[in-house]
Amino acid sequence: MVNFTSDIVIGLEIHVELKTDSKLFCSCKRSGTEGEEPNTRTCQVCLGHPGSKPVLNKKAVEFAIKLALATDSKIAEELIFSRKSYFYPDMSKNYQITQYEVPLATDGKIKLESKKEIGLVRIHMEEDPAALVHPAGMKDSKYVLVDYNRSGDPLVEVVTKPDLTSPGEARDFMKQLITILEYLEIFDVDNCIIKADANISIKESSYTRAEIKNITGFKEIERALNYEVARQKKEVEEGKKIVQETRAWDSEKGITFSLRTKETEADYGYIVDPNLVKIDLTKEWINEIKKQMPELAHEKLAKFTKEHGIKEEMAKVISKDKALAEMFEAVSTAVNPELAAKWIRRELTRVLNYNKKKLKDTEIKESHMIELLKLIEEKKITETVAQRIIEKLVEKSFDIGRYVKEQGLETVSDQGEIEKLCKEAIKEAPQAVEEYKAGKEKALNFVVGIVMKKSRGKASPKEVNEILKKLIY
Ligand code: ZN
Ligand code: MN
């Protein structure tokens, strides 16, 4: 059903690799080590030897059900696998085991950041094909290598309704999906593959659609679709006819190009796989999985704004990252929630980004943050000192209280001591003082900077400011 009120119509089919230990139908490891040899994580099943029998990975099914629950989908009563027949070296048994007639789940939805709801036609499970390696690039290679290490990896495919009306919305959809997957802990953004095929059409061509294959990541999807919208508009303007076709995205060149023009689902000759028995998705099993469902990002967001009184903008950023959200919840029980939010959102995120780390890669515990923020609340250390401590904490855990004492980092609260430092600074920066006197407000910052340096960040800048103003006039 095309949305005829929109100028651009986009639907996505997204393949997500699930974070299981083993593959979908055999016990080969799903994830390899870096730089592993090709075709080393394989067996008869994932190589498709005749006579080999697939055995379903229960964990993968549970992961897929979690996604179905998180997206308010209707879950099927039975799990039925089919064979999608095609001839290509990435699938040596000449069919892919997937779900066709009855998908795992239907009629779900995911909300965009704008709160617009995007409908999901279906979520189904399938196995990943092998990887084709073109040694000299897609176009120039004289031969192709096949690596079956990836063959048989568990995927869920999420198919949206054509509810997306801009490349930006498609990008946001991918982001929201990734957030849900990460909250469910069924996907690892650093180690699992997420790929989208996008159907896109424009009003000017009466919605004749092109399908763009294999777009990786949410930034790429926006780029690819922006290119495609411009291309289709240009073709129409030049009087050319848009043909229904499958195109590929070349992320290096930033273009899409035609792969093939004819292909319908019927070409695949689906049949139910006789090797895999139908499995009842019983109410008891689904309820058992329901019990393990975590609170999701949108629920945390609502809680943070309503119950903790945090500003929407800040709550949004914190709730998107499960680890940060849980950190915030724990820390805000002990210190002012606004202070906790500010430090987790700004300072903690800043040092993590700077060190290219995630919270789980560090030894920073909730107790560290509570101790640090309490010291700020009680004005025992300045924010400048706290920043320095958090920068050290990212590298290694240590006793904050003892460190502050040993390094003599307590705030200089002795007025006389601060005044002494201010007087020294005034003497050292006569020019800045003159400029300030002449009305240049900003010149004072230079003098404050000198005092801060002298106190090694232990004086409060606000207090230093006030004392300097008093001393200069
Ligand atoms: Zn295997
Ligand atoms: Mn698929």
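Domain 2 and domain 3 together bury about 300 Å², of which 54% lies on carbon and sulfur atoms, buried area being the accessible area (1.4 Å probe) that two parts lose on being put together, summed over both. On the domain 2 side, Thr382, Thr384 and Arg388 lose the most area to domain 3, together 84% of what that side buries. This is a predicted model, in which local features need pLDDT of at least 70 and side-chain atom pairs count only at pLDDT 80 or more, while totals for chains, interfaces and linings use all residues. Residues are numbered from 1 along each chain as its sequence is written, ligands are numbered from 1 in the order in which they are written, and side-chain values use heavy atoms, with hydrogens and water left out.

**Domains**
- The protein is divided into domain 1 (8–287), domain 2 (295–406) and domain 3 (415–472), with bounds that come from an automatic or database domain assignment.
- The centres of domain 2 and domain 3, taken over C-alpha atoms, are separated by 31 Å.

**Contacts between domain 2 and domain 3**
- Contact (heavy atoms within 4.5 Å) joins 4 residues of domain 2 to 6 residues of domain 3.

**Zinc site**
- The zinc ion (ligand 1) has as protein donors (N, O and S atoms within 2.8 Å of the metal, or 3.2 Å for Na, K and Ca) the SG atoms of Cys26, Cys28, Cys43 and Cys46, lying 2.3 to 2.4 Å from it.
- Along the chain, these donors follow the spacing C-x1-C-x14-C-x2-C.
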